[in-house]
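Welcome, and thanks for opening the viewer. Let us walk through this structure stop by stop, selecting one thing at a time.

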Amino acid sequence: MRFRNNSNTQKSSIAITQLYHLNAEAMSHTIPLVDLRAQYVAIRADIDSAIQNVIDTTSFVMGPAVRQFEEAFAAFCGVTHGIGVSNGTAAIELALRAVGVGPGDEVITAAHTFIATAEAISNVGAKPVFVDIDPMTYTLAPAAVAAAITPATRALLPVHLYGQPANMTALMQLAHQHNLIVIEDAAQAHGATWQGKAAGGLADIACFSFYPGKNLGAYGDAGAVMTNNAAFAEQVRLLRNHGRRSKYVHDLVGANERIDTLQAAILGAKLPYLAEWTAKRQALAARYHSLLADAEIVLPTVAAEATSAWHLYVIRTPQRDQLLSFLKEHGVEAGIHYPVPLHLQPAYANLGYQRGDLPVTETVADTCLSLPIYPEMTEAQQDRVAELIHIFLSQKS
Ligand SMILES: Cc1ncc(COP(=O)(O)O)c(C=O)c1O
């Protein structure tokens with residue numbers, strides 16, 4: 001773990017003067033964790049015409065915008081098949097069902113993630129097996145995965161957390177050795193890369209969420225499954241639409257998990273901007289790194305093989321809860337992703353995990369803090385976040 005020394009601790013009198021100034025400023029502006037309105041205002045004409053087009057054609061379910069977006073996003077991810085679905089949780093569930101994971105199977109995943117990752121495993125009747133994460137990247141630790149493989153293991157479900165791909169070289173190698181399927185949870189990683197290849201095309205099948213606050217966000221719920229495997233793609237297409245190949249013939253028992261045409265149209269209008277938005281997030285992350293270089297906090301680390309899509313910029317400090325309150329008092333909406341790891345959630349008490357079972361996960365959950373980051377964030381807003389962190393730390397030292 002890297003703890004940085006605070007070499008330029010400010011004197012507390014200066015800090016108090018700054019606080020008065022910042023308090024006054026905070027009354028007039030808050031800095032959100034993500035600003036969906038600023039993004040809409042910037043691309044209003046594209047969004048409005050995409051929505052109006054769906055209304056004009058009244059193709060509300062499985063209209064042409066669905067296939068158009070699926071093809072465009074598959075190309076963006078460098079894969080041959082894209083299937084739009086109702087949300088990211090459904091994407092994982094349908095991917096698991098499509099590759100044949102079901103009752104009696106174990107799926108190895110992270111406990112430091114949003115609950116949807118594990119819920120999908122449980123909802124297909126399989127058992128989530130939680131393993132620890134790497135202390136630098138916060139993604140699945142390949143050695144922990146290797147140690148958890150049993151004869152019942154069918155799949156690995158790495159999460160590209162905060163926008164950074166998991167160690168896909170090591171995980172794909174393990175999967176190859178043990179004949180396992182690998183499913184990417186890329187819900188936070190639109191536009192991230194591992195060894196130059198885009199997230200979504202790094203394993204057997206991949207799942208995305210387009211929840212509004214995601215790097216590519218719909219105006220409601222939406223998700224997608226991406227794969228190069230034609231048979232898996234066909235299964236997901238059937239499963240999301242009542243097992244239907246034609247209107248009145250149902251080949252299997254599926255579900256209604258289709259992406260909404262309006263959402264597909266909105267996502268199609270936003271997709272051309274995604275690379276530029278990712279570059280802006282990357283520039284903001286680099287700027288946070290330099291603004292906070294001297295602060296006594298742990299800054300995020302990106303593996304040499306990866307580029308992060310910087311869905312979240314997550315720092316760590318043992319004083320996380322106090323820093324979160326301080327930032328909130330001064331108009332900065334920071335967040336915690338995620339305070340209670342999945343192996344300690346009441347919903348998974350039946351699995352029998354105890355505190356202490358996943359020490360890195362638990363330490364990260366106790367100390368992580370997500371700072372605001374979104375493409376429309378201004379340098380002045382970012383300066384203020386960094387300044388507040390410096391003031392907080394100088395008061396504590
Ligand atoms: C890592 C991760 N997996 C899965 C999901 C589920 O996506 P959704 O909310 O679209 O169901 C999310 C987002 O909410 C997520 O962050």
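**Stop one: the ligand**

Select the ligand: the space it takes is the largest pocket. A pocket here is an open set of points, on a 1 Å grid over the protein atoms alone, where a 1.4 Å probe fits and protein lies on both sides within 12 Å along at least five of seven lines. A molecule sits in a pocket if more than half of its atoms lie within 2 Å of its grid points.

Before going on, note that this is a predicted model, where local features need pLDDT of at least 70 and side-chain atom pairs count only at pLDDT 80 or more, while totals for chains, interfaces and linings use all residues. Residues are numbered from 1 along each chain as its sequence is written, and side-chain values use heavy atoms, with hydrogens and water left out.

**Stop two: the shell**

Now show the 15 residues around the ligand; G88, T89, D185, S209 and K214 come nearest. (A residue is near if one of its heavy atoms lies within 4 Å.) The shell divides into six nonpolar, seven polar and two charged residues. Which helix gives the most to it? Colour α5, which supplies three residues. Both α5 (88–98) and α6 (116–123) supply at least two. Helices are DSSP runs of H or I with at least four residues, and strands are E runs of at least two, numbered from the N terminus.

**Stop three: two loops**

Most residues other than glycine have a negative phi, and most peptide bonds are trans. Select H242, in the loop between α9 (230–240) and β10 (244–246): its phi is positive, about 60°, although it is not a glycine. Then go to Y338, between α12 (320–329) and α13 (359–367). The peptide bond from H337 to Y338 is cis, with omega near 15°.

**Last stop: the whole protein**

Zoom out to see 14 helices and 14 strands.

Note on methods. 1 Å grid on protein atoms, 1.4 Å probe; cavity = no way out; pocket = protein on both sides within 12 Å on 5 of 7 lines; lining within 4 Å. Nonpolar A, V, L, I, M, F, W, Y, C, P; charged D, E, K, R; others polar.
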